[in-house]
Amino acid sequence: MPYDHMEIARQIAATLAAAQAAQVGRADAARDAAEIYLGTAHAAWHDAVAAVRSKRLMGLPHTPLHEFVPGQPAAPDYTVVATDSSFVSPDKHRGAHCYLINVGRVMVHYGEEPEAELDSTPTHYIDPLVAGEDWMASGRHLQAKCALQELAELQRWAERFRADVALLDGSLMQLGLALAPDPEVHTLMDAYGALLAEFERLRVPVVGYISKPASQAVMHAARLLACRVAAETPAGLAAACEQRCTRAECADLWSLDDGGLFWELLENGYRSPVFQMRFPPGGRGASGFWTHTGFCYLATPYEVARLEFPLWIVEAGLLDRVQRILLSQCALGEGYPKVLTLAHNFAVLRSEDRESYFFLLERAGLIQPPSEKARGKRATGGRI
Amino acid sequence: MTDPVPFPGVPPPGPPGGRTLLGEVIGASYGAFTAESYNLHDTPPLGGLVVAQDVLGLVYDAKTEGLGPVSAKGAAGDADGEVYRIHPDLNRTLRSQFSALVVAHYAWTAAKETPPEARRLVYTYPDAPPRLHYKAWLCADAELLRFTERPNYLRLLMQATDCPVDEVIIHVLARAYTVRGGDRAHLLRSTELLGRLLKGQYDRLVAILETVEALIGDDEAPPPAPAGPPLAPGVGQVRV
């Protein structure tokens, strides 16, 4: 039986009113959250977040809470480098234990003598991702290896082309990996942190650019400050909003993320204050490079993006230039930094690229017998 | 396969009148080959004579496309071409290609160093298509002169399908005329064969002849149409 799109159309129609009501609720929540944000003094925010005992990650202001910094797109007189990656993971059904990581690299120089360099650099790996062929864990390991390789190539090109900004697609902090209970991933992330420090030696600002961020770090703090339990009970800070709160004054705030809050707060071209992440005490995030990393939000004419970067960039006074270059890049890319789109295009592996990799593995005798599931799918004309 | 030299005995481009390096072959069959230019927009003219290895082709198509979808990047107020300065990556993410119909080849000789001018020019397909990733060149004027000396290339051209073959004929006839400094007698000899090959296709022949005249922009009288057998009465007997 093929996919029943008529059934889905019926379900969408039946739930449309509820979905539209939720959208209105989010708009109201954004206004409420903005009021909380603007009505809270820097010190009060800082003290509340620093004191709370919570497992949640929260935003601790590193620059004044109400300081929104304007910016204009940079003139075309800069050099920017960027990387992105994609991979072919090991596939037990196809009997392929090897894997491949492809990093797309881009350099564009804007100015009197404009030039560009674009390529991709693929690497074939034969070592098992994890001991004992733990296929579930291998996804995290592959992700960590990709992050490490992207950063290594970015550092090479940042040094080679003396870039003004080095851009990564997505998170620089890699919190999902950093907080994973996995010693092998932690080893890879330690190498990642060491590599990140190289950018300070080069004095090249390295920035992770996250489009449509889903982070809740600032909103968790806003909800903490809005929480009646936290305000009214002596031990409130210990228990405030640890669970998803259903009280009327909190419930709507849970429908909002940081992007929604700063879309309400920031005008076009402005950036938010810089925040540091407050990690649960004693956890892995409380040490390592994360303690020297900050983030802020940037309102482009198209969306609010999240920027993650080492804090030395702020201390060196380079964040204003980064902001201007990113606004220029978003204008050139009509919403998303042009160099990141290019890096993605050079990193992406199409289905025929994957097939050619498996073909080469097969020709080299590196393919084990496929699974019965794969055989079954192939026998009925499906892709495996 | 061990010889990386694109054509035995042919030096790289440099001196005026020599071959011009354009790009390298990315697709080839007996009947046609396609090459990608090393430099953006550096494509040979329509009807231009190109060579890859020892295979000669006449250009019938050229295009520039993006690695992904191409959309407008500039603004109405920008000067023409300014977009390439605003978006330096365009020079790397766009690529130019051209395709040529195979119309002749230089005959194989045991001595690889034999230059093309000392080898027989044969108006038929080669034993094998040019190899992928070998270099593609725009031929020197001397080669064009030799190639168009006899119009035998028209026979293979007329067999081509799915391409603007009449336009290729028009441009190569005009090019042969120009490279000879306006040799009308030579043009006449070429159109005589064309008239035979287009026997029964009067309107098509007239359209080609008229367009050649318009293209060469010569004020002289048009070439007299070929007469006598085996032309059908009236073929080529036109005022253009």
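Predicted model: local features only at pLDDT ≥ 70, side-chain atom pairs only at ≥ 80, totals over all residues.
Q: What is the average pLDDT of chain A, and which elements have the lowest and highest means?
A: pLDDT is the predictor's confidence in each residue, from 0 to 100. Chain A averages 88. In that chain, 89% of the residues score at least 70. Elements are DSSP runs numbered from the N terminus: helices (H or I, at least four residues) and strands (E, at least two). Among the elements of chain A, helix H8 (residues 236–239) has the lowest mean, 54. Strand E6 (residues 206–210) has the highest, 98.

Q: In what order do the strands of the open sheet in chain A stand?
A: Strands of a sheet pair through backbone hydrogen bonds, either parallel or antiparallel. Here, two strands pair if DSSP finds at least two bridges between them. Nine strands of chain A form the open sheet, in the order E1-E7-E8-E9-E6-E5-E2-E3-E4. The pairing is mixed. Strand E1 (58–61) and E4 stand at the edges with a single partner strand each, so one side of each has no neighbour in the sheet. On average, neighbouring strands are turned by 30° against each other, direction ignored.

Q: Which strands pair with E2(A), and in which sense?
A: E2(A) and E3(A) pair in the antiparallel sense, over ten bridges. Val80(A) stands opposite Val108(A) in E3(A). With strand E5 (residues 165–169) of chain A, E2(A) pairs in the parallel sense over four bridges. There, Ala82(A) has Leu167(A) as its bridge partner. For another antiparallel case, take strand E7 (residues 275–278) and strand E8 (residues 293–299) of chain A, joined by two bridges. Gln276(A) stands opposite Gly294(A) in that pair.

Q: Which residues of E2(A) point one way, and which the other?
A: In a regular strand the side chains alternate between the two faces of the sheet. From E2(A), Thr79(A), Val81(A), Thr83(A), Ser85(A) and Phe87(A) point one way. Val80(A), Ala82(A), Asp84(A), Ser86(A) and Val88(A) point the other way. A residue is buried if 20 or more other C-beta atoms lie within 10 Å of its own, exposed if 12 or fewer, and partly exposed in between, with C-beta atoms placed from the backbone. Ten of the ten residues of strand E2 (residues 79–88) are buried, so the strand is largely enclosed by the rest of the structure.

Q: Is Arg354(A) buried, exposed or partly exposed?
A: Arg354(A) counts as partly exposed, because it has 16 C-beta neighbours inside 10 Å. Its place is in helix H14 (residues 351–363) of chain A. Two residues are in contact if their C-beta atoms, placed from the backbone, lie within 7 Å. Not counting residues up to four places away in sequence, Arg354(A) touches Val88(A) and Leu349(A).

Q: Which residues touch the most other members of the largest nonpolar core?
A: A nonpolar core is a set of buried Ala, Val, Leu, Ile, Met, Phe, Trp, Tyr and Cys residues joined through C-beta atoms within 7 Å. The largest has 98 residues, and Val81(A), Val106(A), Ala166(A), Leu167(A), Ala222(A) and Leu261(A) touch the most other members. Helix H6 (residues 217–226) of chain A gives the largest share of this core, eight residues. Apart from it lies another core, of 47 residues, including Val59(B) and Leu138(B).

Q: How many residues does each chain give to the contact?
A: Chain A gives ten residues and chain B nine. E4(A) gives the most to the side of chain A that touches chain B, with three residues.

Notes. Residues numbered from 1 in each chain as written. Chains lettered and ligands numbered in written order. Axes fitted to C-alpha atoms, helices over the stretch in contact; angles between N-to-C directions.
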